[in-house]
Amino acid sequence: MSQSNTAPSPAQIDAEIADLMADCYADPLRHVMASYPWDEVGGPLEGRDGPDKWQREFLIELGEEVRERGFDGITAVEPIQFSTASGHGIGKSCLSAWIIIWIRDTRPGSMGTITATTAEQLRSRTFGELAKWHDMSLTRHWFQLNAGSAGSLNMYHHRHR
């Protein structure tokens, strides 16, 4: 019996991606590693093999906290609260973007609010990083980003045809 050399359909690819995202529900580091083109020759992350050490540790601890709470999608659990104090340019906005995209990708129908110290910081840093990582994301074709009113950013899930 011969095997077919046909490429998977877009629906099959989307189903595989959806299964991967479901597997990342309580594993934000796995999500970050699977969602972006790390060390792809000629790509935007060429020469980078993943998050910095402190970001990896943060994502691992976040996943542990999610697993510990065992949220079932119905019964409320205690919130997870972390803080990171540091200088400029170490990757906090980048980490925030990864977490936002992880939640978006692994929790269909999720809604949230993103805040920052100032509206300008939200616009220039957080939303800039979010758009950058969204554009590199494995799931970018599922969502559309739009600038909203008063400096907001809206993400919408595309309806499948």
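# Exercises on a predicted fold

Thr139 touches Ile17, Met21, Arg104 and Asp105, leaving aside residues up to four places away in sequence. The model is a predicted one, and the exercises below start from this residue.

**Exercise 1. Describe the overall make-up of the protein chain, and find what share of its residues count as buried.**

Step 1. Go through the secondary structure: the protein chain has five helices and two strands.

Step 2. Along the sequence the pattern reads α-α-α-α-α-β-β.

Step 3. Turn to burial: 30% of the 161 residues of the protein chain count as buried.

Step 4. Look at the contacts. Among those in the protein chain with a separation of 6 or more, 58% join residues 24 or more positions apart.

**Exercise 2. Work out which residues have the most contacts inside the largest nonpolar core, and which helix gives the most to this core.**

Step 1. Take the core itself. The largest nonpolar core has 16 residues, and the ones with the most contacts inside it are Val32, Tyr36, Trp38, Leu45, Leu59, Trp98 and Trp133.

Step 2. Trace the contributors: at least two residues of this core come from each of α2 (28–35), α3 (53–69), α4 (92–106) and α5 (119–136).

Step 3. Pick out the leading helix, which is α4, with six residues.

Step 4. Not counting residues up to four places away in sequence, Trp98 touches Val32, Tyr36, Trp38, Pro51, Gln55, Leu59 and Trp133.

**Exercise 3. Characterise the packing of α3 against α4: at what angle do the axes cross, and which residues meet?**

Step 1. Begin with the geometry. The axes of α3 and α4 come within 11 Å and cross at roughly 35 degrees, and this crossing is right-handed.

Step 2. List the partners. From α3 come Trp54, Gln55, Phe58, Leu59, Leu62 and Val66, and they meet Lys92, Cys94, Leu95, Trp98, Ile99 and Trp102 in α4.

Step 3. Sort them by class: the contact of α3 with α4 has ten nonpolar, one polar and one charged residues.

**Exercise 4. Find how many salt bridges the structure holds, then examine some of them.**

Step 1. Count: there are six salt bridges in the structure.

Step 2. Arg48 is partly exposed at 30% relative accessible area, and Asp52 is partly exposed at 36%.

Step 3. Lys53 forms a salt bridge with Glu57, its closest N and O atoms being 2.8 Å apart. Both residues lie in helix α3, four residues apart, about one turn of the helix. Lys53 has 62% relative accessibility and counts as exposed, whereas Glu57, at 41%, counts as partly exposed.

Step 4. Finish in α5, where Lys132 and Glu129 lie three residues apart, about one turn of the helix. Their side chains meet in a salt bridge of 3.3 Å, N to O. Lys132 is partly exposed, at 39% relative accessibility.

Methods: Residues numbered from 1 in each chain as written. Predicted model: local features only at pLDDT ≥ 70, side-chain atom pairs only at ≥ 80, totals over all residues. Heavy atoms only, no water. Core = buried A, V, L, I, M, F, W, Y, C linked by side-chain atoms within 4.5 Å. Buried < 20%, exposed > 50% of the residue type's maximum accessible area, 1.4 Å probe, protein only. Contact = heavy atoms within 4.5 Å. Axes fitted to C-alpha atoms, helices over the stretch in contact; angles between N-to-C directions. Left-handed = near helix turned anticlockwise from the far one by under 90°. Nonpolar A, V, L, I, M, F, W, Y, C, P; charged D, E, K, R; others polar. Salt bridge = Lys/Arg side-chain N within 4 Å of Asp/Glu carboxyl O.
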